Amino acid sequence: MAKVLMKGNEALAESCLRAGCRFFSGYPITPQTEILEYLCWRMDEVGGDCVQTESELAGINMLMGAAAGGARALTTTAGPGFSLKQEGISYLCGSDLPAVIVDVQRIGCALGDIFMGQGDYWQLTRGGGHGDYRTIVLAPATVQESVDLASIAFDLAEKYRHPVLIATDATIGQMIEPVELPEMKEHDPDKYDWALRPRREGEPQRAIWNRYWDWEDGGHKYPEYILKKYGEMEETEQRWESVLTEDAEIVMVAYGTSARVAKSAIMKARKEGIKLGLIRPITLWPFPKKAFDELGDQVKAFLDIERNILGQMKDDVILTDGNRHPVEFYGEYWDNISEVKILEKVKEMLKKY
Amino acid sequence: MNFTIPKDIDMSQQASWCPGCGHGIVCRVITEAVEELGLSDRILTVDDVACGQFGQFAMKYNTIMSAHGRTVVTAAGLKHARPDALVIARPGDGSAYSIGIESTIYSAVRNENILTIVINNSVFGMTGGQMSPATLPGMKTATSPFGRDENKDGHMVDITKLLGQMDIAYLARCAVNTPANTDRTKKAIKKALQKQMNGEGFCLIDVLSMCPTNWKTSEIQACEFVKETQSKYLPLGEFIDKGGKE
């Protein structure tokens, strides 16, 4: 299929439709709103339902009903709205229901601002709702990657009967890039035997509720099931891109838009003879530990780069590295990540370590 | 008279409601209404958490437990995914009129084609009888120990007044405190299911229902309380009955 120019948010929305998504419920919030606007007319064309709900809370809980009915269901939001989605994400996890939730990240806590940011890493990867759960979090760095990851997100969600989060950001959502879209697929709501449809005479009842109550031993074996499920995700779903890490002395760790700048910093650094590399997590959870396992002994330190104040992903770099190397953080709040500042920081680190 | 257990009532699981509770009666009339209309293979239900959730054990229908207060909007989502099914949401008054009032109102605004049956016992039942929006003025509960004071606690919510002017298919209040009222409840459910089949839109039946445990009365006194007090503040009747689609 030929490439077309599309805005990140719209391309992601189109890709979800082409993956067979026929239900969307959501609420306007910048910088995500184009997804809602796009689906409000486009969903009609493909015979699906797009509902503008009264709140993000209603959006996620309506999605839960549609997901229970076997539909490929999507909701999208940003920053403050993502906080409101947490109740439903916890319920989806506890009920073993697949769905796709997109957070087009912005900056800051409270209202923060509508600008580019990577403010929600902790909420995305730690489970922002109640109870202990994990979710696969896919983090694209280009519009094409938004399309590609959206198209596998539903498959992953159904593979594990679990919600999958996509973490883009304001830059990727708002910019226009050439993309190749996948072919249109239809999804059969009766594909899985857990999906709710009216019970036919003689069939056992299908009940979707707190799954631990389904275990005949009163739920004592449920932890085993959960540990196995999350263990399998950790083992098989790590995704990342490593750039020139074979000989790198300083390895940057950055995702999404920040990783794009980090990549271009590598080219400049290499011209100056600085051995700089990058690990770009594509899954924020499971965090790509295998990428760190592949690193050689020449690595002196890690530099975590994010668009936020506290360096949220730094925690995972330290945990993954196991305190073997120093881990530093370079972040921006209002400004873009700067190649120049990356290089300054890297040179400073090379002197220190 | 010859009484039989409706075939959609599940006798193999245990619905552990208190003696004298109205929930079981509502489930029974739902199954009777469904059977009389021959719709057993078209029903999906959405339960709230708490007392209403036991409906999953009382009835054989395929079902999902929503988050507390999200029953109506989750039911709307299920209907979007399964437009051919007849979807029944069964929240309580605490759920539908307090934490979930936004979704109750907006599901009515969108005229979602579902039936909401609210089991209204004027208290939060499972948590031990706290004041709900439908707690009557002067009524003592665990969180209005001196009786509901409308100056301090806010007005009692009468859903028929809130939704009374909306463009929805059906709005009624029934009760299950006497055989005659229970029979009227069944008729209302049948009417609403017919409307859902016609695609007429949002139907809500507020069912006054006994909670002797939290009202701290006997089972008989609870039935009398519905008649003498609850239904005086929350009158029975049909408030919207829009008729067929044009």
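**Exercise 1. Find the residue of β5(A) that stands opposite Leu74(A), and describe the strands around it.**

Step 1. Leu74(A) faces Val100(A) in β5(A).

Before going on, two notes on the model. It is predicted, so a local feature needs pLDDT of at least 70 and side-chain atom pairs count only at pLDDT 80 or more, while totals for chains, interfaces and linings use all residues. Residues are numbered from 1 along each chain as its sequence is written, and chains are lettered from A and ligands numbered from 1 in the order in which they are written.

Step 2. Now look at the whole pairing. Strand β5 (residues 99-107) of chain A runs parallel to β4(A), with four bridges between them. Two strands count as paired if DSSP finds at least two bridges between them.

Step 3. Turn to another partner of β4(A). β2(A) is also parallel to β4(A), joined by two bridges, and Phe23(A) has Ala73(A) as its bridge partner there.

**Exercise 2. Work out how α3(A) and α3(B) pack.**

Step 1. Two packed helices are described by the angle between their axes and the distance between the axes. Helix α3 (residues 56-68) of chain A meets helix α3 (residues 71-81) of chain B at an angle of about 45°, and the axes are 6 Å apart. Axes are lines fitted to C-alpha atoms, for helices over the stretch in contact, and angles run from 0 to 180 degrees between N-to-C directions.

Step 2. Name the arrangement. Angles under 35 degrees count as roughly parallel, over 145 as roughly antiparallel, 65 to 115 as roughly perpendicular and the rest as oblique. That is why α3(A) is oblique to α3(B).

Step 3. Find the residues that touch. Among them are Ala58(A), Asn61(A) and Met62(A) of α3(A), and Val73(B), Thr74(B) and His80(B) of α3(B).

Step 4. Sort them by class. Ala, Val, Leu, Ile, Met, Phe, Trp, Tyr, Cys and Pro count as nonpolar, Asp, Glu, Lys and Arg as charged, and the others, Gly among them, as polar. This helix contact has eleven nonpolar, five polar and no charged residues.

**Exercise 3. Describe how chain A meets chain B as a whole.**

Step 1. Count: 31 residues of chain A are in contact with 28 residues of chain B.

Step 2. See which elements of chain A take part. β2 (23-26), α3, α4 (79-94) and β10 (207-208) each supply at least two residues, and α3(A) gives the largest share, eight residues.

Step 3. Classify this side of chain A: 15 nonpolar, eight polar and eight charged residues.

Step 4. Follow β10(A) across. It pairs in parallel with strand β2 (residues 62-65) of chain B over two bridges. Ala207(A) has Thr63(B) as its bridge partner, and Ile208(A) stands opposite Ile64(B).

Step 5. Trace the sheet. Eight strands make an open sheet with mixed pairing, in the order β10(A)-β2(B)-β1(B)-β3(B)-β4(B)-β8(B)-β7(B)-β9(B). β10 of chain A and β9 (237-241) of chain B each have a single partner strand, so one side of each has no neighbour in the sheet.

Technical notes: Two residues are in contact if their C-beta atoms, placed from the backbone, lie within 7 Å.
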